[in-house]
Amino acid sequence: ARIYGIQMYGLATVAKERFCKDYRAAALDCRLRKERTVQEARCIARCRQNGVSTPAIYMVDTARYVIYMERIPGLTAKAYIEKFRKDVDAVTLLMRRIATAIAKIHDAGFTHGDLTTSNFICRRREDDARDASYFEELVVIDFGLGGTRSQLEDKAVDLYVLERALISTHRDSQHLLSIALQEYERSSANAKSVLHRLEAVRARGRKRECFG
């Protein structure tokens, strides 16, 4: 997808446009782009209805396969962790908020599909004069791989994606993951079952790494 910024109704807006894939038959390409555009918009809207902070959707253009949504000011969680690494309390709070957001998504019957720290934004107005590490709320973005998959396996895979993303991106990844999983266990209704299934997903991942 192509993502770009525009002004819409006088508001700072992000447009996400799914472009044509030449290797697909034209009719199939149009159908898939429309379905995926609608699916992503639906995930964003329904998660928002269930208490997850997501960008507000301004318009969905199914003819051009574009979602127009609110631009969120602030650092990504990835940038925040690197910038405030030495502020243990701030980073701990961030990881807990990430876990709470994931728990809300899962308990609402959805999965995200791409839980990296680049897909969380610490909303903060550019003119905010409070402490540098302060942010108003944690906003979840990019539901392009999201869906209404609510099986334990799907939720466990979501957490496994987060785990692998932390390991590949951040120092102290095990500490960050521990904070997140502890908070997820406190916050999600089916956490114990999901975390048990996560162990099986990890085992399969290790097997693939060993044997290809």
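**Figure 1. Cysteine 122 and its partner across two strands.** In this close-up of the predicted model, cysteine 122 has leucine 138 of β7 as its bridge partner. The strands involved are β6 (residues 120–123) and β7, which run antiparallel and are joined by 4 bridges. Strands of a sheet pair through backbone hydrogen bonds, either parallel or antiparallel.

**Figure 2. The three-stranded sheet.** Here β5, β6 and β7 form an open sheet of 3 strands, in the order β5-β6-β7, with antiparallel pairing. Two strands stand at the edges, β5 (74–76) and β7 (137–140). Each of these has a single partner strand, so one side of each is left without a neighbour in the sheet. On average, and with direction ignored, neighbouring strands of this sheet are turned by 30 degrees against each other.

**Figure 3. The hairpin of β1 and β2.** The two strands pair in the antiparallel sense over 7 bridges. One of the bridge pairs joins arginine 2 to glutamate 17 in β2. The hairpin has 2 residues between its strands, and tyrosine 9 takes a positive phi near 55 degrees. Strand β2 is mostly covered, with 5 of its 7 residues buried.

**Figure 4. Strand β2 beside strand β4.** Strand β2 (residues 11–17) also pairs with β4 (residues 66–70), in the antiparallel sense and over 5 bridges. Valine 14 has methionine 69 in β4 as its bridge partner. For lysine 16, the bridge partner in β4 is isoleucine 67.

**Figure 5. The second largest pocket.** The volume of this pocket is about 200 Å³. Its lining includes Val14, Lys16 and Met69, along with Ile3, Glu40 and Pro55. Ile121, Ile141 and Asp142 are also among the lining residues. Which elements give two or more residues to the lining? They are β2 and β4. By class, the lining divides into 7 nonpolar and 5 charged residues, with no polar ones.

**Figure 6. The largest pocket.** This pocket has a volume of about 250 Å³. Its lining is made of 13 residues, and those nearest its centre are Ala1, Arg18, Lys21, Arg36 and Gly144. Helix α1 (residues 26–49) gives the largest share of the lining, 3 residues. The lining residues comprise 8 charged, 4 nonpolar and 1 polar.

Figure 7. For a disulfide, two cysteine sulfur atoms have to be within 2.5 Å. The cysteine sulfur closest to that of cysteine 30 belongs to cysteine 20 and is 7.1 Å away, which is too far for a bond. Cysteine 47 is in no disulfide either, as the nearest cysteine sulfur, in cysteine 43, is 6.0 Å away. Cysteine 30 is partly exposed, with a relative accessible area of 34%. Cysteine 47 counts as buried, at 0% relative accessibility.

**Figure 8. Valine 88 in helix α3.** Valine 88 lies in helix α3, which spans residues 88–107. Is valine 88 buried or exposed? With a relative accessibility of 52%, valine 88 counts as exposed, because the cut-off for exposed is over 50%. Between valine 88 and alanine 12 there are 33 Å in space, C-alpha to C-alpha. In sequence these two residues are 76 residues apart.

Note on methods
Residues are numbered from 1 along each chain as its sequence is written. This is a predicted model: local features need pLDDT of at least 70, side-chain atom pairs count only at pLDDT 80 or more; totals for chains, interfaces and linings use all residues. Side-chain values use heavy atoms; hydrogens and water are left out. Buried means under 20% relative accessible area, exposed over 50%, partly exposed in between (1.4 Å probe, protein chains only). Two strands pair if DSSP finds at least two bridges between them. On a 1 Å grid over the protein atoms alone, a cavity is a set of points where a 1.4 Å probe fits but cannot get out, and a pocket is an open set with protein on both sides within 12 Å along at least five of seven lines; lining residues have an atom within 4 Å of a point. Grid points are joined across faces, edges and corners, and a volume is the space filled by probe spheres set on the points. Ala, Val, Leu, Ile, Met, Phe, Trp, Tyr, Cys and Pro count as nonpolar, Asp, Glu, Lys and Arg as charged, and the others, Gly among them, as polar. Axes are lines fitted to C-alpha atoms, for helices over the stretch in contact, and angles run from 0 to 180 degrees between N-to-C directions.
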